[in-house]
Structure formats: structure tokens, C-alpha cells
Amino acid sequence: MTYSFLHTSDLHLGRAYGGFPEEIRGRLREARHTVISRLATAARGAGASDVLLAGDTFDAETPSPETLRHALRAMAAEGDLRWFVMPGNHDSLAASELWRRILTDAPPNLVVLADPVPFELASDAWLLPAPCTQRRPGRDVTEAMSTPTPEGAIRIGLGHGAIMDFSSDEGSPGIIPPDRARLSGLDYLGLGDWHGRMQIGPATWYSGTPEADGFKHDTAPGALAVQIAANGVHRSALAALAPLLPAGADACVPSGTVSGVADLDRAIACLRQQGLIYGYFSAGALADGDGLNSPEATGGAGPENSASATSVLD
């Protein structure tokens, strides 16, 4: 058999966008919610019916009721897919009320991975999740991935946390061993926590966030479409999501027009923080029309930025 799925993480739904003017924060949050439908489209395009979210689906342990309802309705609307949601460090199991609400209101196509126990994905394919018990568990919760499954079955681990010490507030000190896939006999280990796509070993990947959120990472946002054969051979390919440039740009220019250099500076700062432009333009240059149609102004400067780009690992 061959099992296919989409590996993603770090949606951070309900992000506050505190660094943006009040009038555009809500529109940026709304734009981020569209990532669920775009992930669904990417999964179908890859021939996958399961979407595995490796933690930090929500930005905080206490998302607003509206944020939670919006997310659950968006997943329910993609009823031909199964959504597997696992607690990360931002939405850990310590947020007991959040996960109680999710379990109570979850649509039939949503699977909550709140326990570190094997889950049968398909005949001869098992998921071994390692949900975060708290923001900084202080121990390697991925040890649970060594739990036995039927002999010869495909074994997929799903975890959230740092293999190395990330030099930013995105991650925490490294706890997960870099050879966890080998130690636990995994055919694939899908991780979340680091917002850029990163390969750790032959079978271990950080998917990165599907939503551009800055210039820290030199990989285009997206998700990983994974296929695993019964003999353990797997292929991972970048599933490029439709870019959010129109929605993000609209949110950064809520009035639809820019009046004066001050407005333009605010729009440029907003677009840069969203990861929607890569160049370093002055307001004066943009006001004169220079660079508006350049690759830097449309996100083309980012590596693998076209929808057709695929980075395949054999």
C-alpha cells in the first residue's frame, strides 16, 4: 500500500497582530483563517485525504470563541478530508478548557490528538503523536513514539518542539533527539515549532508554517505532501499553497488607496511583516512607481516562490 497525507503546522490562528494598526488587525486575522481552505486544496491536489497539524494550530491557549468557531467550521466545510489536530507549545494540553471546547464542538472529520497513543490512519498505517503537555514540557515527549504497532505497518510520528536550540522566541531549547525517527522505528517524523521548512534527517522534517510571517526564514511558505510506501520508502514534496498576496495586501491597505508617504510607509511595513514583499524600497521610490512590478514587490524574490515549485526528497 501507499499512504499519502499533508504535513503542516504552526497556523497560529487568532494571532493578535499587536504590531499593526487597530484598523487592519481584524482583517489580517481573517486572512489567516483562509489558510484552512487553502490547505484543503493542497491536500486534494496531492491526492491526500488526511491533513496532519503538528501543533500550534492556535496562537494562544485562550483563543476567542469566534476564532475557535471559525476554525472548526472551516475544517467541517472540508468534509472530504480528515483533520488531525495536536497540541503544540502555544496551545498545549495545559489549556484544558480549550481542548474541552474543541472535543465538545469538533466536527466528525476532526481528530484531536490529545493522548500519546497510536492511531490507526489506514490499513497498515499508524500515527504516533506526541502532544505537548505544557508550553515547555521539560522532557522528551516523543519517547512515546516507540510504542509498538503491528509488524510491518507504516509508522508516522507527529511532534512539536525543538531538535536544536533555535535562536529566537519561536522555539525552545532542544529536547527532541535528532535521530528520533531511527530510535522509534519511524518511516516519517513530522514536526512543528520552527516556522521555516527544514529537513533534519532522511525521514524527519519541519513543515514550516503555511503562512508567511516575516523574513527570518528563506523558504517559501507551504506544507509538505508526503507519500509513504509499504516498504518504508517515502517522498516529501513542497505543496505550494495559493499565495495570500491579494488578501494580505488588501488588509495592509484597508481603504483601498494610499494617500501620502506616511500611509505608504505603513503599508510597506505591514507587507514586509507579512512576508509579502522581499525588497527594501523607500516610500519615495515606490511613490514614483519604481519597483511596484518587480519580483521583490510581488514576493518573487523568495526561493521556490511559484505555485509550481516542488522540492522533492527521495
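The legends below describe several close-up views of a predicted model.

**View 1. Confidence along the predicted chain.** Across the protein chain the pLDDT averages 76, and 68% of the residues score at least 70. In the stretch formed by residues 243-247 the pLDDT falls below 50, and this stretch has ten contacts in the model beyond near neighbours in sequence. Residues 277-314 also have a pLDDT below 50, and for this stretch the model contains 71 contacts beyond near neighbours in sequence.

**View 2. An open sheet of six strands.** The strands of this sheet follow the order E5-E6-E7-E8-E10-E9, and their pairing is mixed. Strand E5 and strand E9 (198-201) stand at the edges, where each has a single partner strand, so one side of each is left without a neighbour in the sheet. From one strand to the next, the twist averages 25°.

**View 3. Strand E6 and its two partners.** Strand E5 (residues 119-122) runs antiparallel to strand E6 (residues 125-130), and three bridges join them.

**View 4. The largest nonpolar core and a second, separate one.** The largest nonpolar core has 30 residues, and those with the most contacts inside it are Leu6, Ile36, Trp83, Ile102 and Leu110. At least two residues of this core come from each of several elements, including helix H3 (65-77), strand E3 (82-85), helix H4 (96-105) and strand E11 (223-229), while H2 gives the most, with six residues. If neighbours within four places in sequence are left aside, isoleucine 102 is in contact with Phe58, Leu68, Leu110 and Val112. In soluble globular proteins, nonpolar side chains tend to be buried together.

**View 5. The surroundings of histidine 160.** Histidine 160 lies in strand E7 and, with a relative accessibility of 4%, counts as buried. A polar atom of the histidine 160 side chain lies 2.7 Å from the backbone oxygen of alanine 54. The side chain of histidine 160 also makes a polar contact, at 2.7 Å, with the side chain of asparagine 89. Although histidine 160 and leucine 191 are 31 residues apart along the chain, their C-alpha atoms are separated by 5.3 Å.

**View 6. Two buried aspartates in loops.** Aspartate 56 is found in the loop between E2 and H3, and its phi is positive, at about 55°, although the residue is not a glycine. With a relative accessible area of 1%, aspartate 56 is buried. Aspartate 193 has its place in the loop between strand E8 (188-192) and E9, and there it has a positive phi of about 125°, although this residue is not a glycine. Aspartate 193 is buried, with a relative accessible area of 1%.

Definitions and conventions: Residues are numbered from 1 along each chain as its sequence is written. This is a predicted model: local features need pLDDT of at least 70, side-chain atom pairs count only at pLDDT 80 or more; totals for chains, interfaces and linings use all residues. Side-chain values use heavy atoms; hydrogens and water are left out. Two strands pair if DSSP finds at least two bridges between them. Helices (H or I, at least four residues) and strands (E, at least two) are DSSP runs, numbered from the N terminus. pLDDT is the predictor's confidence in each residue, from 0 to 100. Contact means heavy atoms within 4.5 Å. Axes are lines fitted to C-alpha atoms, for helices over the stretch in contact, and angles run from 0 to 180 degrees between N-to-C directions. A nonpolar core is a set of buried Ala, Val, Leu, Ile, Met, Phe, Trp, Tyr and Cys residues joined through side-chain atoms within 4.5 Å. Buried means under 20% relative accessible area, exposed over 50%, partly exposed in between (1.4 Å probe, protein chains only). A polar contact is a pair of N or O atoms within 3.5 Å; within protein, one must be able to donate a hydrogen and the other to accept it, and residues adjacent in sequence count only if both atoms are side-chain atoms.
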